[in-house]
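Hi,

Here is the structure I said I would pass on.

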Amino acid sequence: MLMNGFDNGVLPLLGFAMLALAVVAFVLALLAREDAYRAAEKQTKTFWLVILGVTVLVDFFLGMLFLEIAGLVATIVFFVDVRPALKQVSGGGGGRRKGGSSSDGPYGPYNGGR
């Protein structure tokens, strides 16, 4: 009884979550510039598009658990390692927001105690 609920409820949700994560990673990899991959000293854009594209296809069509887990590992590596490096070399990884004045603190402008 419990396994039937698990097979019909939880596993499809996990499959949809892995598919959604792979699609988002693929789109982010597609939008990044080719030279950012080289500047970040990561694999090429083509490499990541192939890996993540195969992951999307496996998650969507095949449903083979071993390949889905391998694709999930690749997707996590992209999000944890590659994407932050790409953001850093592309100028999107800075902690300081753009357009503030010199009197701005970490929580907004400093008004001198007024």
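Let me start with Arg33, which makes a salt bridge to Asp35 with the closest N and O atoms 2.9 Å apart. By salt bridge I mean a side-chain nitrogen of Lys or Arg within 4 Å of a carboxyl oxygen of Asp or Glu. Arg33 is partly exposed at 44% relative accessibility, and Asp35 is also partly exposed, at 35%. For those labels, buried is under 20% relative accessible area, exposed is over 50% and partly exposed is in between (1.4 Å probe, protein chains only).

Before I go further, the ground rules: this is a predicted model, where local features need pLDDT of at least 70 and side-chain atom pairs count only at pLDDT 80 or more, while totals for chains, interfaces and linings use all residues. Residues are numbered from 1 along each chain as its sequence is written, and side-chain values use heavy atoms, with hydrogens and water left out.

Back to the charges. Searching the whole structure turns up three salt bridges. Glu34 pairs with Arg38, with 3.7 Å between the closest N and O atoms. Both sit in helix 2 (residues 34–39), and because they are four residues apart there, about one helical turn separates them. Helices here are DSSP runs of H or I with at least four residues, strands are runs of E with at least two, and both are numbered from the N terminus. Glu34 is partly exposed at 31%, whereas Arg38 is exposed at 56%.

Then there is Asp81 with Lys42, whose side chains meet at 3.0 Å, N to O. Asp81 has 36% relative accessibility and Lys42 has 25%, so both count as partly exposed.

Now the rings. The search of the whole structure finds four aromatic pairs. Rings of Phe, Tyr and Trp (its six-membered ring) pair if their centres lie within 6.5 Å; planes under 30 degrees apart are stacked, over 60 edge-to-face, and the rest tilted. Phe47 and Trp48 have ring centres 5.4 Å apart and planes at 85°, so they are edge-to-face. Phe47 is partly exposed at 35%, while Trp48 is buried at 7%.

Trp48 also pairs with Phe78: the centres are 5.7 Å apart and the planes at 55°, so this one is tilted. Since Trp48 is in helix 3 and Phe78 in helix 4, the pair ties together parts that are 30 residues apart in sequence. Phe78 is buried, with a relative accessible area of 1%. Phe47, Trp48, Phe78 and Phe79 form one aromatic cluster.

Finally, the overall numbers. The protein chain has four helices and two strands, in the order α-α-α-α-β-β along the sequence. Of its 114 residues, 25% count as buried. Among contacts (heavy atoms within 4.5 Å) with a separation of 6 or more, 59% are between residues 24 or more positions apart. The accessible surface of the chain is about 8200 Å², with 67% of that belonging to carbon and sulfur atoms; areas come from the Shrake-Rupley method with a 1.4 Å probe, and for residues only the protein chains shown count as cover.

Cheers
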